[in-house]
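Let's take a quick walk through this model, from the overall fold down to a few individual residues.

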Amino acid sequence: MPNHLSIPFKKTYSCPIPTAARDYIRNHTEDHPDAYIRDINQWKSLRDVGTGGVLHADRVNSALNYHAQLVFILAKLPSDINLEFSYAHAFSSSLSTLPVTLRSIEFERTSVLFNIAALYSQLAASEDRSSQDGLKRASAYYQANDNYLMLHLKNAAGVLAFLSTSALPKLGPLVDPENTPSDLTEDFVKSLEWLMLAQAQECVWQRAVTDHYKNGLIAKLAAKVSSLYSTSLLSIRLAAADSRDALPSNWIPHLDTKQHHFNAASQFRKSIDELEASRYGDEIQRLMIAEADAKKGFNIGKRAGVAQAVLEDVKSLLDAVQKNLARAERDNDLIYHQNVPAPSGILAIQEVSMVQSIIPPGLQDPKSVIGNDNIIFGEMLGWGAREAINIYNDNKGNLLQEKILEPAQNFNDEADKMLQSLNLPSSLEALERPVGLPPSLLKKAEEIRLEQGPTKIDVYIDDVQRLSRHVLAILDEAMDILDSEASEDEAARREMQMNRPPSHEANQELVMKQQRYRSILTQAAESDELVRRKWEEWEDQITELTRDEDELEALVPSSTVSMAGKAVSTSQTQIHARTLRGLLESLDDIRRTRDDLVVRAQRRAESDDIRSKVLTAAARLEHGTEMSAAMFEDVSDNELAKYDKFIQGLTEGRKKQVEIIASIKSTNDAFIQSRKEDPAVKDREHALQFLDFAYSHYREIIRNLDEGLKFYNDMAGILTNFKEACKIWSSARSRETRLLHRNMASLSIRDNASDESHEVPASPLRTGARKQIASIPTLSSADWESQELAPPPTKQMVKHR
């Protein structure tokens with residue numbers, strides 16, 4: 001029976017790679033899925049032979065090739081493409097624990113690395129270490145070194161080191177800590193790495209013993225073997241409880257036994273050195289330490305049922321130690337009479353390590369495994385680059401809205417409110433045109449008539465209300481789906497016990513989202529009501545502006561200004577009026593310049609496409625580098641800088657506007673003071689001002705309704721996606737409920753059949769019964785090698801993004 005431990009494979013299931021990959025490419029890239037048929041099929045084929053499960057040296061290259069392709073795939077696709085990977089715990093000896101299922105390509109990669117390490121360890125354990133050639137090959141499997149006979153076989157320790165330093169840190173942020181597979185935690189993986197190094201060092205020690213190296217060197221090699229087993233044991237004990245509990249019952253005792261065995265072997269070999277140097281007292285103390293360790297190791301192994309080969313090794317050592325100890329004590333008592341020092345009085349044995357974790361080149365340089373021509377999705381733009389383009393477009397839209405469109409509108413509104421508060425330009429037009437209507441008012445009235453303003457507002461209001469009811473109905477339908485699932489869950493709980501959270505706990509995140517959406521819709525409804533009231537308040541006045549010119553003119557009183565005896569006053573009034581008119585024209589020039597800046601910025605944004613520059617930047621990166629959006633921040637910043645001139649133009653226009661507004665206010669004060677109180681003029685001013693206000697409110701109402709329509713259309717898309725998420729979640733829960741129900745029914749039928757035959761009921765933890773319950777083959781079954789198995793019921797699922 002072998003005296004070394006090997007790592008078992010993580011068992012896996014088939015997964016729908018073609019469907020998930022095609023759906024992702026169709027929905028999240030600009031490419032067509034048909035362009036990547038070969039790549040998708042190659043991915044599926046590589047997975048069939050690259051995920052482990054078969055003990056054969058040829059499978060090493062297949063697994064390394066598949067891992068290399070996963071590295072390149074992760075450079076092109078995000079970890080979550082809605083593709084579920086299922087793996088059983090490597091040390092699961094029964095089906096009481098369901099496989100872990102995660103939507104994560106990083107999970108697939110870490111599991112593949114684990115199985116590569118497992119393959120190396122099993123190949124090493126299968127070697128015949130009774131011969132020198134077998135020892136060399138076994139040691140080569142356990143650790144990589146340029147001196148090994150077969151360079152293409154990498155070592156388990158190096159793969160595990162790479163797994164813990166390179167792959168696990170990338171998996172961690174994608175999975176909740178409570179969902180992390182217990183055999184893929186850092187402490188657990190490191191414990192296996194130390195174990196592989198310990199067994200490799202043991203191979204070196206055995207070669208040294210066979211080649212009759214000096215006892216002092218053999219003692220130092222054995223001391224390092226003991227130290228490595230001790231480190232592995234400590235790392236396992238530091239790992240999570242569920243990781244330790246999953247190990248076979250004899251694993252920890254095996255390590256403990258080995259630790260004591262090789263400490264005893266080290267002291268035994270060193271005692272021979274002491275004998276040859278005539279240090280008889282030190283010899284006896286080392287033999288006493290060796291005897292105590294060998295006894296302890298033997299007792300631990302015997303109680304725990306470790307492999308017979310391990311017990312025989314320890315027993316053989318114990319017999320030799322006891323024989324030598326009896327001889328040494330007899331000789332010392334009769335001949336040498338040396339004092340036996342305390343254990344602390346002898347020198348510690350210096351450890352000599354002949355092994356180290358060296359990461360195989362195929363893992364450090366994936367391209368060396370597959371070359372440049374066969375890279376899966378090699379022509380696809382990396383997901384990090386696509387994300388950078390999306391982020392840039394979002395930032396561009398936000399910049400356009402927040403730094404250009406909104407400020408420009410605010411500056412215009414600021415000028416309009418100021419002019420309205422000063423009754424401008426109505427007071428000037430009333431003075432300049434005592435009869436008839438000002439051209440500016442005629443233009444505004446014509447605009448409303450051409451747009452059929454009142455009818456347009458009524459239609460807009462109806463559309464807003466209809467869309468409001470529509471999006472609310474979508475949200476209600478989503479809640480109906482969750483309510484239906486909750487009712488189903490409650491009914492199922494009345495029929496059987498369920499080891500999962502109830503619906504009101506499991507759907508808490510979806511319910512909280514619903515509450516936020518409903519709060520937003522409530523606020524939107526309040527805004528809609530304000531717009532409707534504003535329309536009711538100004539409907540008559542806005543409708544007046546749709547009249548013909550003659551009818552509109554009849555609504556505005558005419559005035560005549562008698563200037564007899566008031567020449568000086570009239571002259572001053574006209575001077576101030578001309579100055580005001582010039583300032584108002586200057587203000588209009590600023591507005592036109594501002595509007596032109598906005599139009600130019602919008603045109604630039606519409607034609608702006610950063611894709612070519614991102615592609616150029618991506619081409620400069622190392623092929624296969626896992627890209628992130630942060631890598632393209634410089635490109636994004638440089639492109640966004642193109643809009644600085646528009647922002648600067650708005651800022652300069654605002655400064656000029658502030659100066660002109662200050663001049664308008666002071667000039668208008670002088671203009672008002674210079675005018676005489678004339679009721680006719682006042683009435684005309686008020687009438688023109690009121691119509692001007694009606695136009696301003698018309699434009700404001702239209703703008704508000706446009707914003708409302710856009711808001712509800714956007715919300716309809718968001719809530720439709722939310723409803724679909726609720727449907728997917730509820731469907732998953734329903735499938736799980738049906739599976740549990742079938743499992744319970746199957747178990748009940750088996751129990752009934754057992755009762756009728758008067759046989760002892762089988763434990764649900766037994767392999768056969770468990771297979772019926774979970775519909776999963778036993779871990780020793782050849783069915784695990786089939787790639788056509790239906791996906792298992794999931795234990796964990798990554799949350800929707």
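Buried here means under 20% relative accessible area, exposed over 50%, and partly exposed in between (1.4 Å probe, protein chains only). Helices (H or I, at least four residues) and strands (E, at least two) are DSSP runs, numbered from the N terminus. This is a predicted model, where local features need pLDDT of at least 70 and side-chain atom pairs count only at pLDDT 80 or more, while totals for chains, interfaces and linings use all residues. Residues are numbered from 1 along each chain as its sequence is written, and side-chain values use heavy atoms, with hydrogens and water left out.

On the big picture: the chain has 27 helices and two strands, and 47% of its 801 residues count as buried. Taking contact as heavy atoms within 4.5 Å, residues 24 or more positions apart supply 82% of the chain's contacts with a separation of 6 or more.

Now for the inside. A nonpolar core is a set of buried Ala, Val, Leu, Ile, Met, Phe, Trp, Tyr and Cys residues joined through side-chain atoms within 4.5 Å. The largest one holds 94 residues, and Trp43, Phe91, Leu163 and Phe377 touch the most other members. There is also a second, separate core of 42 residues, with Ile457, Leu467, Met715 and Ala716 among them.

Leu163 turns up again in helix α6 (residues 156-171), which bends by about 40° there; the bend is the angle between axes fitted to the seven residues ending at a residue and the seven starting there. Because 13 of its 16 residues are buried, α6 is largely enclosed by the rest of the structure.

Arg733 sits in helix α26 (residues 679-756). With a relative accessibility of 7%, Arg733 counts as buried. Leaving aside residues up to four places away in sequence, Arg733 touches Glu485, Asp489, Arg500, Pro501, Pro502, Ser503 and Ala506.

Most residues other than glycine have a negative phi, yet Asn82 has a positive one, and so does Ser278.
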